[in-house]
Amino acid sequence: MERLPYTLLRVKPPHTALPVEDVIGDIQSALNQSGMGVLVAPPGSGKTTVVPLRLLEMVSGKILVLEPRRLATRAAARRMAYHLSESVGETVGYVTRDDRRPGRRIEVVTEGILTRRLQNDPSLEGVGLVVFDEFHERNLVSDLGLALALDTRSALRPDLGILVMSATIDAEGVAGFLSSASESKPPVPVITAQGRSHPVDIRWQPPRGRIRMEDHVAGLVRTALDTESGGDVLVFLPGMGEINRVADRLGDVLAEVHRLHGSLPPSDQDRAISPSTPPFRKVVLSTDIAETSITVEGVRVVIDSGMARSPRYDARTGMTRLTTIPISRASADQRAGRAGRTEPGVAIRAWARLEHGARPPQIEPEITQVDLAGFMLELASWGIGDPTQLPFLEPPPPRSVEEALLLLTRLGALDDRY
């Protein structure tokens, strides 16, 4: 990747030095040498908002930054625009399914937007670098986007840069996969940024006896407000139902109680992540939408239910449904890191330390857990009927592929070529 013949825009530095600042040179070297890289950086290190800005000078064309959620997409674009002392839509912008404020040089997009762009323009004309942020979430769309981007890089755009970023990921495994998929020489390197912004004290508070999750979590919130001096509280719950029930139980607390989930209007989501109004403290009841890529301003205490909703394919019905499951150890670390973004914090886990060791280290990739009908339709649009023709970090299960093809054929979405 050739360095551009102009000086990088003046970037407003963060209040304190962030860990990724120390490895920007390593990232640039990786992209120059192999065109790809894997960055491992802890929560609060600045990888989402600092890295794209620091790479502007060396990237010819736009930088696309993929985020798994619309809230994170908007928040990341606003933060980067702030560092440039600009408004969103100038140098930095964002594009989601229902909201567009494109930027000249950096666009933060939801993962499905990349798939649409690749389908419409397989060469990604005008794009110099694609950044897959928070790749540890292993969404089906992100796995598909990476496979299509690698195919584009192999067939049409050998100059297209790819950077995979996460705080909790099998970095060596991903780097090895990228090297193998692109036959990269030298191999794709792993760059590691050390240290969290601020220390987080992990505490274990499992329920005593048979008590509903909502009652236990509401009790932990009340205790935290009474015993933890200063700072707001971020609470992770599986879904909207649990959020509403905990909110009902906290109706009399002397704090601002906000809900945060994907079904809320953007204005309500933005209000939840904004700073609290003195003298009141803020309690944010959130799904895993707040697990990565965003900073809920003022949070010093995280209370984690340890549960999440995850899509699971039911072979009996042939449908994917949301199931409440225990989160992985990596997700727990991501959530705890939210407490240390701006100052030392506390993470209270509503399960036992012994149970924690039995949890899976990483989340199961969606590609192995969900109905693949939409996935196979995207591959057909790409001109491929067999997933083995594309590089996937985790190959889709053959039985799920067969069932998806059968369903699409019966619906008339595919013909005999597939």
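Student: Where does Leu124 sit?
Tutor: Leu124 is in the loop between H4 and E6. This is a predicted model, by the way.

Student: What is its phi like?
Tutor: Phi of Leu124 is positive, about 50°, although the residue is not a glycine.

Student: Is Leu124 buried or exposed?
Tutor: Leu124 counts as buried because its relative accessibility is 3%, and the cut-off for buried is under 20%.

Student: And Ser85, what about its phi?
Tutor: Ser85 has a phi near 55°. That is a positive value in a residue other than glycine.

Student: Where is Ser85, and is it buried or exposed?
Tutor: Ser85 lies in the loop between H3 and E3. Ser85 is exposed, as its relative accessible area is 56%.

Student: Back to H4. Which of its residues are buried?
Tutor: Glu111, Ile113, Leu114, Thr115, Leu118 and Gln119.

Student: Which helix holds Gly145, and is the residue buried or exposed?
Tutor: Gly145 lies in helix H5. Gly145 counts as buried because its relative accessibility is 0%.

Student: How are Gly145 and Leu66 placed?
Tutor: They are 79 residues apart along the chain. Their C-alpha atoms are separated by 9.5 Å.

Student: You mentioned Phe132. What does it pair with?
Tutor: Phe132 forms an aromatic pair with Phe135. The pair is edge-to-face, with 6.3 Å centre to centre and 85° between the planes.

Student: Are those two buried or exposed?
Tutor: Phe132 is buried at 1% relative accessibility. Phe135 is buried too, with a relative accessible area of 2%.

Student: How many aromatic pairs are there in the whole structure?
Tutor: A search finds three.

Student: What lies over the face of Trp351?
Tutor: Arg359 does, at 4.3 Å from the ring centre.

Student: Which elements give two or more residues to its lining?
Tutor: Helices H3 (70–83), H4 (111–120), H9 (266–273) and H10 (329–337), along with strands E14 (307–314) and E15 (319–326).

Student: How many residues line it, and which lie nearest the centre?
Tutor: The lining has 50 residues. Pro68, Arg69, Asn139, Asp288 and Glu366 lie nearest the centre of the largest pocket.

Student: How many cavities of 30 Å³ or more turn up?
Tutor: One. The largest cavity has a volume of about 30 Å³.

Student: What lines that cavity?
Tutor: Leu234, Ile294, Thr295, Val296, Val299, Arg338 and Arg341. That lining divides into four nonpolar, one polar and two charged residues.

Student: Last one. Is the Pro278 to Pro279 bond cis or trans?
Tutor: The peptide bond from Pro278 to Pro279 is cis, with omega near 5°. Pro279 is in the loop between H9 and strand E12 (281–286).

Note on methods
Residues are numbered from 1 along each chain as its sequence is written. This is a predicted model: local features need pLDDT of at least 70, side-chain atom pairs count only at pLDDT 80 or more; totals for chains, interfaces and linings use all residues. Side-chain values use heavy atoms; hydrogens and water are left out. On a 1 Å grid over the protein atoms alone, a cavity is a set of points where a 1.4 Å probe fits but cannot get out, and a pocket is an open set with protein on both sides within 12 Å along at least five of seven lines; lining residues have an atom within 4 Å of a point. Helices (H or I, at least four residues) and strands (E, at least two) are DSSP runs, numbered from the N terminus. Rings of Phe, Tyr and Trp (its six-membered ring) pair if their centres lie within 6.5 Å; planes under 30 degrees apart count as stacked, over 60 as edge-to-face and the rest as tilted. Buried means under 20% relative accessible area, exposed over 50%, partly exposed in between (1.4 Å probe, protein chains only). A charge sits over a ring if NZ of Lys or CZ of Arg is within 6 Å of the ring centre and within 35 degrees of the ring normal. Grid points are joined across faces, edges and corners, and a volume is the space filled by probe spheres set on the points. Ala, Val, Leu, Ile, Met, Phe, Trp, Tyr, Cys and Pro count as nonpolar, Asp, Glu, Lys and Arg as charged, and the others, Gly among them, as polar.
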